[in-house]
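Biologist: I have the sequence and the model open side by side. Could we go through it one question at a time?

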Amino acid sequence: MASLAVDSPGSAASRAAQRAAVFPRVRWMGSKHRLLPHLARVFDELGGRTALDAFSGSGVVSYLLKHQGYAVHSNDYLGFPAVVATAGVVNHATRLSAQEVGRILGPPADDRDFVRRTFSGVFFTDDDLAFLDSAWSHIDGLRGHRRAVAIAALCLAAARKQPRGVFTLTGDLSRYDDGRRDLRIGLREHFVERVADYNRAVFSNGRPCVATSVDVDELEPGRYDVVYLDPPYAPPRDDNDYTKRFHFLEGLSRYWAGDTILHGTRSKKLPKRVTRFSSRRTIEEGLRDVLEKFHESTIVLSYSSNALPDRDTLHSLLAEVKDHVEVRAVEHTYSYGTHATATRRSVDEYIFIGR
Ligand SMILES: C[S@@+](CC[C@H](N)C(=O)[O-])C[C@H]1O[C@@H](n2cnc3c(N)ncnc32)[C@H](O)[C@@H]1O
(Lines give C-alpha, C1' and ligand atoms only; values in the text may rest on other atoms or scores of the structure.)
Protein backbone atom coordinates (compact mmCIF):
# COMPACT_ATOMS: atom_id res chain seq x y z
CA MET A 1 0.00 0.00 0.00
CA ALA A 2 1.30 3.42 -0.91
CA SER A 3 1.64 6.15 1.66
CA LEU A 4 0.48 9.50 0.38
CA ALA A 5 2.88 12.42 0.08
CA VAL A 6 1.69 15.97 -0.45
CA ASP A 7 2.74 17.71 -3.67
CA SER A 8 5.42 20.37 -3.93
CA PRO A 9 4.08 23.83 -2.96
CA GLY A 10 4.06 25.24 -6.50
CA SER A 11 2.17 22.38 -8.17
CA ALA A 12 -1.33 22.78 -9.60
CA ALA A 13 -2.72 20.32 -7.02
CA SER A 14 -1.18 22.15 -4.13
CA ARG A 15 -2.42 25.53 -5.39
CA ALA A 16 -5.94 24.12 -5.73
CA ALA A 17 -5.78 22.71 -2.19
CA GLN A 18 -4.63 26.05 -0.81
CA ARG A 19 -7.44 27.89 -2.58
CA ALA A 20 -9.99 25.33 -1.45
CA ALA A 21 -8.89 25.77 2.17
CA VAL A 22 -10.62 29.20 2.22
CA PHE A 23 -14.00 27.47 1.97
CA PRO A 24 -16.01 28.58 5.05
CA ARG A 25 -15.30 25.89 7.57
CA VAL A 26 -17.98 24.06 9.50
CA ARG A 27 -17.20 21.35 12.07
CA TRP A 28 -18.91 18.57 10.17
CA MET A 29 -18.37 15.00 11.35
CA GLY A 30 -15.90 13.36 8.96
CA SER A 31 -15.03 16.62 7.14
CA LYS A 32 -12.07 16.18 4.81
CA HIS A 33 -10.78 19.74 5.22
CA ARG A 34 -7.42 18.44 6.41
CA LEU A 35 -7.14 15.94 3.60
CA LEU A 36 -7.44 18.55 0.85
CA PRO A 37 -3.78 18.39 -0.27
CA HIS A 38 -3.94 14.60 -0.54
CA LEU A 39 -7.26 14.54 -2.36
CA ALA A 40 -6.10 17.34 -4.67
CA ARG A 41 -3.14 15.25 -5.73
CA VAL A 42 -5.34 12.24 -6.47
CA PHE A 43 -7.85 14.27 -8.53
CA ASP A 44 -5.00 15.99 -10.35
CA GLU A 45 -3.60 12.61 -11.41
CA LEU A 46 -7.00 11.33 -12.50
CA GLY A 47 -8.06 14.35 -14.57
CA GLY A 48 -11.45 14.30 -16.33
CA ARG A 49 -14.12 16.97 -16.73
CA THR A 50 -17.09 15.87 -14.62
CA ALA A 51 -17.12 14.84 -10.96
CA LEU A 52 -19.72 13.70 -8.46
CA ASP A 53 -19.26 14.27 -4.71
CA ALA A 54 -22.03 11.90 -3.59
CA PHE A 55 -21.83 12.47 0.20
CA SER A 56 -20.82 16.12 0.20
CA GLY A 57 -21.30 17.09 3.90
CA SER A 58 -19.48 20.36 4.59
CA GLY A 59 -18.99 20.82 0.82
CA VAL A 60 -15.25 21.34 1.02
CA VAL A 61 -14.36 18.49 -1.37
CA SER A 62 -16.91 19.72 -3.93
CA TYR A 63 -15.28 23.12 -3.65
CA LEU A 64 -11.84 21.57 -4.19
CA LEU A 65 -13.12 19.73 -7.27
CA LYS A 66 -14.45 23.03 -8.58
CA HIS A 67 -11.00 24.58 -8.12
CA GLN A 68 -9.57 21.67 -10.08
CA GLY A 69 -11.74 22.57 -13.06
CA TYR A 70 -14.47 19.93 -12.84
CA ALA A 71 -18.15 20.41 -13.59
CA VAL A 72 -19.21 19.33 -10.09
CA HIS A 73 -22.37 17.58 -8.93
CA SER A 74 -22.51 17.94 -5.15
CA ASN A 75 -25.01 15.73 -3.31
CA ASP A 76 -25.92 14.84 0.27
CA TYR A 77 -29.21 13.49 1.53
CA LEU A 78 -29.47 16.39 3.99
CA GLY A 79 -30.67 19.81 2.85
CA PHE A 80 -28.10 21.95 4.68
CA PRO A 81 -25.14 20.60 2.62
CA ALA A 82 -27.04 21.38 -0.59
CA VAL A 83 -27.50 25.02 0.49
CA VAL A 84 -23.83 25.32 1.34
CA ALA A 85 -22.83 23.77 -1.99
CA THR A 86 -25.23 26.05 -3.86
CA ALA A 87 -23.69 29.11 -2.18
CA GLY A 88 -20.06 28.10 -2.69
CA VAL A 89 -19.91 25.65 -5.61
CA VAL A 90 -22.91 26.15 -7.92
CA ASN A 91 -22.76 29.90 -7.46
CA HIS A 92 -20.11 31.38 -9.75
CA ALA A 93 -20.68 35.09 -9.23
CA THR A 94 -23.28 36.19 -6.66
CA ARG A 95 -22.13 37.96 -3.51
CA LEU A 96 -24.28 39.66 -0.89
CA SER A 97 -23.85 43.43 -0.88
CA ALA A 98 -23.38 45.52 2.26
CA GLN A 99 -26.85 46.96 1.60
CA GLU A 100 -28.45 43.49 1.53
CA VAL A 101 -26.65 42.50 4.71
CA GLY A 102 -27.80 45.78 6.30
CA ARG A 103 -31.41 44.96 5.44
CA ILE A 104 -31.14 41.48 6.99
CA LEU A 105 -29.67 43.03 10.15
CA GLY A 106 -32.38 45.69 10.28
CA PRO A 107 -35.90 45.63 11.74
CA PRO A 108 -37.85 42.41 10.98
CA ALA A 109 -40.02 42.29 7.86
CA ASP A 110 -42.77 40.40 9.71
CA ASP A 111 -43.62 39.22 13.22
CA ARG A 112 -42.56 35.57 12.99
CA ASP A 113 -41.15 34.09 16.20
CA PHE A 114 -41.01 30.33 15.57
CA VAL A 115 -37.30 29.98 16.40
CA ARG A 116 -37.56 31.95 19.64
CA ARG A 117 -40.70 30.10 20.76
CA THR A 118 -39.27 26.69 19.97
CA PHE A 119 -35.65 26.95 21.05
CA SER A 120 -35.72 29.41 23.97
CA GLY A 121 -33.69 27.84 26.80
CA VAL A 122 -32.45 25.10 24.45
CA PHE A 123 -29.84 26.87 22.27
CA PHE A 124 -28.38 30.40 22.25
CA THR A 125 -29.73 33.55 23.92
CA ASP A 126 -33.23 34.87 23.25
CA ASP A 127 -31.61 37.80 21.46
CA ASP A 128 -29.75 35.47 19.11
CA LEU A 129 -32.91 33.43 18.47
CA ALA A 130 -34.91 36.60 17.74
CA PHE A 131 -32.22 37.53 15.20
CA LEU A 132 -32.67 34.17 13.43
CA ASP A 133 -36.41 34.84 13.12
CA SER A 134 -35.82 38.39 11.96
CA ALA A 135 -33.09 37.42 9.48
CA TRP A 136 -35.36 34.77 7.97
CA SER A 137 -38.18 37.31 7.59
CA HIS A 138 -35.90 39.01 5.03
CA ILE A 139 -34.26 35.91 3.56
CA ASP A 140 -37.71 34.57 2.62
CA GLY A 141 -37.90 37.36 0.05
CA LEU A 142 -34.57 36.45 -1.57
CA ARG A 143 -34.24 34.00 -4.47
CA GLY A 144 -31.53 31.96 -6.16
CA HIS A 145 -27.88 32.19 -5.17
CA ARG A 146 -28.46 35.30 -3.05
CA ARG A 147 -30.79 33.29 -0.87
CA ALA A 148 -28.31 30.40 -0.69
CA VAL A 149 -25.44 32.66 0.40
CA ALA A 150 -27.60 34.29 3.09
CA ILE A 151 -28.85 30.95 4.45
CA ALA A 152 -25.41 29.35 4.33
CA ALA A 153 -23.95 32.30 6.28
CA LEU A 154 -26.79 32.18 8.83
CA CYS A 155 -26.30 28.43 9.38
CA LEU A 156 -22.56 28.79 9.63
CA ALA A 157 -23.05 31.57 12.21
CA ALA A 158 -25.15 29.19 14.32
CA ALA A 159 -22.67 26.32 13.86
CA ARG A 160 -19.73 28.46 14.98
CA LYS A 161 -21.50 29.83 18.02
CA GLN A 162 -22.66 26.40 19.25
CA PRO A 163 -20.03 24.75 21.51
CA ARG A 164 -18.33 21.91 19.59
CA GLY A 165 -20.64 22.67 16.66
CA VAL A 166 -23.07 19.91 17.63
CA PHE A 167 -26.70 20.35 18.62
CA THR A 168 -26.85 17.47 21.07
CA LEU A 169 -25.65 19.90 23.77
CA THR A 170 -28.46 22.03 25.22
CA GLY A 171 -29.31 24.45 28.04
CA ASP A 172 -26.60 26.15 30.10
CA LEU A 173 -23.38 25.50 28.18
CA SER A 174 -21.18 27.91 30.16
CA ARG A 175 -18.87 25.03 31.09
CA TYR A 176 -17.79 24.88 27.44
CA ASP A 177 -16.87 28.57 27.40
CA ASP A 178 -13.09 28.54 26.99
CA GLY A 179 -13.02 32.24 26.12
CA ARG A 180 -13.08 31.65 22.38
CA ARG A 181 -14.43 34.62 20.47
CA ASP A 182 -16.73 32.38 18.39
CA LEU A 183 -18.71 31.49 21.51
CA ARG A 184 -18.90 35.06 22.79
CA ILE A 185 -19.97 37.22 19.88
CA GLY A 186 -23.64 37.43 18.95
CA LEU A 187 -25.20 35.75 15.94
CA ARG A 188 -25.59 39.12 14.21
CA GLU A 189 -21.88 39.78 14.32
CA HIS A 190 -21.20 36.20 13.26
CA PHE A 191 -23.59 36.59 10.35
CA VAL A 192 -21.76 39.66 9.01
CA GLU A 193 -18.43 37.81 9.19
CA ARG A 194 -19.79 34.58 7.70
CA VAL A 195 -21.29 36.48 4.73
CA ALA A 196 -17.82 37.94 4.16
CA ASP A 197 -16.41 34.39 4.27
CA TYR A 198 -18.84 33.20 1.59
CA ASN A 199 -18.36 36.33 -0.51
CA ARG A 200 -14.62 35.63 -0.49
CA ALA A 201 -15.11 32.01 -1.54
CA VAL A 202 -17.20 32.77 -4.64
CA PHE A 203 -15.44 32.25 -7.99
CA SER A 204 -16.19 30.80 -11.43
CA ASN A 205 -14.42 27.85 -13.01
CA GLY A 206 -16.55 28.27 -16.12
CA ARG A 207 -18.17 24.84 -15.74
CA PRO A 208 -21.81 24.12 -14.86
CA CYS A 209 -22.12 22.81 -11.29
CA VAL A 210 -25.21 21.47 -9.52
CA ALA A 211 -26.22 20.60 -5.96
CA THR A 212 -28.88 18.08 -4.94
CA SER A 213 -30.11 16.57 -1.68
CA VAL A 214 -31.20 13.01 -2.40
CA ASP A 215 -30.31 9.58 -1.07
CA VAL A 216 -27.25 8.25 -2.88
CA ASP A 217 -29.44 5.39 -4.14
CA GLU A 218 -31.45 7.90 -6.17
CA LEU A 219 -28.50 9.33 -8.10
CA GLU A 220 -28.11 8.39 -11.76
CA PRO A 221 -25.01 6.45 -12.80
CA GLY A 222 -22.82 6.84 -15.83
CA ARG A 223 -22.48 10.60 -16.13
CA TYR A 224 -19.24 11.32 -14.31
CA ASP A 225 -15.55 10.87 -15.09
CA VAL A 226 -14.75 10.82 -11.37
CA VAL A 227 -17.01 9.79 -8.49
CA TYR A 228 -15.88 10.68 -4.97
CA LEU A 229 -17.50 8.65 -2.20
CA ASP A 230 -17.14 9.63 1.45
CA PRO A 231 -19.91 7.60 3.09
CA PRO A 232 -20.89 8.10 6.72
CA TYR A 233 -18.57 6.22 9.02
CA ALA A 234 -19.91 3.40 11.11
CA PRO A 235 -17.68 3.68 14.18
CA PRO A 236 -17.49 0.49 16.28
CA ARG A 237 -18.87 2.15 19.45
CA ASP A 238 -20.97 5.12 18.36
CA ASP A 239 -23.61 5.98 15.78
CA ASN A 240 -23.18 7.94 12.57
CA ASP A 241 -26.42 9.87 12.84
CA TYR A 242 -25.91 13.27 11.23
CA THR A 243 -29.46 14.47 11.96
CA LYS A 244 -28.95 13.98 15.69
CA ARG A 245 -25.86 16.20 15.69
CA PHE A 246 -26.81 18.81 13.09
CA HIS A 247 -30.64 18.95 13.19
CA PHE A 248 -30.64 22.67 14.07
CA LEU A 249 -28.62 23.54 10.94
CA GLU A 250 -30.84 21.32 8.83
CA GLY A 251 -34.02 22.97 10.17
CA LEU A 252 -32.57 26.49 10.00
CA SER A 253 -31.55 25.94 6.36
CA ARG A 254 -35.29 25.87 5.47
CA TYR A 255 -36.81 27.60 8.52
CA TRP A 256 -38.16 24.15 9.52
CA ALA A 257 -40.63 24.26 6.60
CA GLY A 258 -42.27 20.85 6.31
CA ASP A 259 -40.35 19.49 9.31
CA THR A 260 -41.85 17.63 12.25
CA ILE A 261 -39.92 18.58 15.37
CA LEU A 262 -39.76 15.91 18.07
CA HIS A 263 -41.06 18.16 20.85
CA GLY A 264 -40.54 15.51 23.52
CA THR A 265 -36.77 15.66 23.04
CA ARG A 266 -34.48 17.99 24.97
CA SER A 267 -32.86 19.42 21.85
CA LYS A 268 -36.16 19.57 19.85
CA LYS A 269 -34.53 17.48 17.20
CA LEU A 270 -35.75 16.22 13.87
CA PRO A 271 -36.49 12.54 13.23
CA LYS A 272 -33.56 10.37 12.23
CA ARG A 273 -33.37 9.51 8.52
CA VAL A 274 -32.61 5.84 8.21
CA THR A 275 -30.85 4.51 5.11
CA ARG A 276 -28.66 1.47 4.52
CA PHE A 277 -25.70 3.62 5.54
CA SER A 278 -27.15 4.15 9.03
CA SER A 279 -26.46 0.66 10.32
CA ARG A 280 -23.45 -1.63 10.57
CA ARG A 281 -25.65 -4.49 9.38
CA THR A 282 -26.56 -2.89 6.06
CA ILE A 283 -23.72 -0.51 5.20
CA GLU A 284 -21.74 -3.17 3.32
CA GLU A 285 -24.68 -4.01 1.09
CA GLY A 286 -25.34 -0.26 0.56
CA LEU A 287 -21.75 0.32 -0.46
CA ARG A 288 -21.70 -2.66 -2.81
CA ASP A 289 -24.71 -1.27 -4.69
CA VAL A 290 -23.24 2.25 -4.87
CA LEU A 291 -19.94 0.93 -6.21
CA GLU A 292 -21.79 -1.19 -8.77
CA LYS A 293 -23.85 1.82 -9.80
CA PHE A 294 -20.77 3.93 -10.51
CA HIS A 295 -18.58 1.16 -11.94
CA GLU A 296 -18.14 3.03 -15.24
CA SER A 297 -16.54 6.02 -13.50
CA THR A 298 -13.17 6.28 -11.81
CA ILE A 299 -14.02 5.86 -8.14
CA VAL A 300 -12.25 7.63 -5.29
CA LEU A 301 -13.39 6.40 -1.89
CA SER A 302 -12.42 7.87 1.48
CA TYR A 303 -12.45 5.66 4.50
CA SER A 304 -10.90 5.65 7.91
CA SER A 305 -9.22 2.88 9.84
CA ASN A 306 -11.52 3.18 12.86
CA ALA A 307 -14.63 2.58 10.75
CA LEU A 308 -16.62 -0.36 9.54
CA PRO A 309 -16.46 -2.22 7.19
CA ASP A 310 -12.70 -2.70 7.43
CA ARG A 311 -10.07 -1.96 4.82
CA ASP A 312 -9.84 -5.48 3.39
CA THR A 313 -13.61 -5.73 2.97
CA LEU A 314 -13.66 -2.39 1.18
CA HIS A 315 -10.82 -3.45 -1.04
CA SER A 316 -12.70 -6.57 -2.13
CA LEU A 317 -15.92 -4.62 -2.66
CA LEU A 318 -14.12 -2.20 -4.96
CA ALA A 319 -12.28 -5.05 -6.71
CA GLU A 320 -15.67 -6.57 -7.58
CA VAL A 321 -16.32 -3.65 -9.95
CA LYS A 322 -12.88 -2.28 -10.84
CA ASP A 323 -9.89 -4.03 -12.45
CA HIS A 324 -7.27 -1.89 -10.79
CA VAL A 325 -7.57 -0.91 -7.10
CA GLU A 326 -4.97 1.20 -5.33
CA VAL A 327 -5.01 2.13 -1.64
CA ARG A 328 -3.18 5.13 -0.23
CA ALA A 329 -2.86 5.78 3.50
CA VAL A 330 -2.77 9.22 5.14
CA GLU A 331 -1.98 9.82 8.80
CA HIS A 332 -4.76 12.00 10.03
CA THR A 333 -5.77 13.44 13.39
CA TYR A 334 -9.43 14.24 13.91
CA SER A 335 -10.26 17.29 15.95
CA TYR A 336 -13.92 16.34 16.00
CA GLY A 337 -15.66 14.35 18.72
CA THR A 338 -18.51 14.45 21.16
CA HIS A 339 -16.44 12.91 23.96
CA ALA A 340 -13.06 13.97 25.29
CA THR A 341 -11.69 10.57 24.28
CA ALA A 342 -12.87 10.98 20.73
CA THR A 343 -11.00 14.23 20.12
CA ARG A 344 -7.58 14.28 18.54
CA ARG A 345 -7.55 10.57 17.98
CA SER A 346 -5.06 9.68 15.30
CA VAL A 347 -6.38 7.36 12.65
CA ASP A 348 -5.20 6.26 9.28
CA GLU A 349 -7.30 7.80 6.62
CA TYR A 350 -7.42 5.77 3.43
CA ILE A 351 -8.00 6.87 -0.11
CA PHE A 352 -9.06 4.00 -2.38
CA ILE A 353 -8.79 4.56 -6.09
CA GLY A 354 -10.59 2.21 -8.44
CA ARG A 355 -9.92 2.51 -12.17
C1 LIG B 1 -18.34 11.49 6.09
S2 LIG B 1 -19.59 12.65 5.73
C3 LIG B 1 -18.99 13.45 4.30
C4 LIG B 1 -18.00 14.52 4.66
C5 LIG B 1 -17.57 15.38 3.48
N6 LIG B 1 -16.77 14.66 2.51
C7 LIG B 1 -16.81 16.58 3.99
O8 LIG B 1 -15.61 16.73 3.66
O9 LIG B 1 -17.39 17.37 4.74
C10 LIG B 1 -20.90 11.67 5.14
C11 LIG B 1 -22.12 12.41 4.62
O12 LIG B 1 -23.03 11.46 4.06
C13 LIG B 1 -24.35 11.96 4.21
N14 LIG B 1 -25.24 10.80 4.04
C15 LIG B 1 -25.55 9.84 4.94
N16 LIG B 1 -26.34 8.91 4.39
C17 LIG B 1 -26.53 9.28 3.10
C18 LIG B 1 -27.26 8.71 2.01
N19 LIG B 1 -27.91 7.58 2.15
N20 LIG B 1 -27.24 9.34 0.82
C21 LIG B 1 -26.56 10.52 0.67
N22 LIG B 1 -25.86 11.11 1.68
C23 LIG B 1 -25.84 10.48 2.87
C24 LIG B 1 -24.34 12.61 5.59
O25 LIG B 1 -25.36 13.58 5.69
C26 LIG B 1 -22.92 13.19 5.66
O27 LIG B 1 -22.90 14.54 5.32
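Biologist: Let's start with Y70: is it buried or exposed?
Modeller: A residue is buried under 20% relative accessible area, exposed over 50% and partly exposed in between, using a 1.4 Å probe and protein chains only. Y70 has a relative accessibility of 2%, so it counts as buried.

Biologist: Before we go on, what kind of model is this?
Modeller: Residues are numbered from 1 along each chain as its sequence is written, and side-chain values use heavy atoms, leaving out hydrogens and water. Local features need pLDDT of at least 70 and side-chain atom pairs count only at pLDDT 80 or more, while totals for chains, interfaces and linings use all residues, since this is a predicted model.

Biologist: How many aromatic pairs are there?
Modeller: Rings of Phe, Tyr and Trp (its six-membered ring) pair if their centres lie within 6.5 Å; planes under 30 degrees apart are stacked, over 60 edge-to-face, and the rest tilted. By this rule, the number of aromatic pairs is 27.

Biologist: How do the rings of F43 and Y70 pair?
Modeller: A ring pair is described by the distance of the centres and the angle of the planes. For F43 and Y70 the centres are 6.4 Å apart and the planes stand at 80 degrees, so the pair is edge-to-face.

Biologist: How many residues apart are F43 and Y70?
Modeller: Helices (H or I, at least four residues) and strands (E, at least two) are DSSP runs, numbered from the N terminus. F43 belongs to helix α2 (residues 36-46) and Y70 to the loop between α3 (60-67) and β3 (71-75). This pair therefore links distant parts of the chain, with a separation of 27 residues.

Biologist: And how do the rings of F248 and W256 pair?
Modeller: Their ring centres are 5.2 Å apart, and their planes are at 70 degrees. That angle makes the pair edge-to-face.

Biologist: Which residues make up the cluster linked by ring pairs?
Modeller: F248 and W256 are both buried, and both belong to the cluster. Ring pairs link these members: F114, F119, F123, F124, W136, F167, F248, Y255 and W256.

Biologist: What is phi at Y255?
Modeller: Y255 sits in the loop between α11 (242-252) and α12 (283-293). Its relative accessible area is 14%, so Y255 is buried. Although Y255 is not a glycine, its phi is positive, at about 50 degrees.

Biologist: What about phi at K268?
Modeller: K268 also lies in the loop between α11 and α12, and a relative accessible area of 19% makes K268 buried. K268 is a residue other than glycine with a positive phi, near 55 degrees.

Biologist: Which residues does L318 touch beyond its sequence neighbours?
Modeller: L318 is in helix α13 (residues 311-321) and, at 0% relative accessibility, counts as buried. Contact means heavy atoms within 4.5 Å. Not counting residues up to four places away in sequence, L318 touches L291, I299, V325, F352, I353 and G354.

Biologist: How far apart in space are D53 and Y228?
Modeller: D53 is in strand β2 (residues 50-53) and is buried at 0% relative accessibility. Leaving aside neighbours within four places in sequence, D53 is in contact with residues including H73, N75 and Y228. D53 and Y228 are 175 residues apart in sequence, yet their C-alpha atoms are separated by 4.9 Å.

Biologist: Which residues does C155 touch?
Modeller: C155 is in helix α8 (residues 144-161) and is buried, with a relative accessible area of 0%. Setting aside residues up to four places away in sequence, C155 touches F80, L249, L252 and S253.

Biologist: Zooming out, what is the radius of gyration of the protein chain?
Modeller: The chain has 13 helices and 8 strands. For 355 residues the globule rule (2.2 Å times the number of residues to the power 0.38, with the radius taken over C-alpha atoms) gives 20 Å. The chain's value is close to that, so the chain is as compact as a globular protein of that length, with a radius of gyration of 20 Å.
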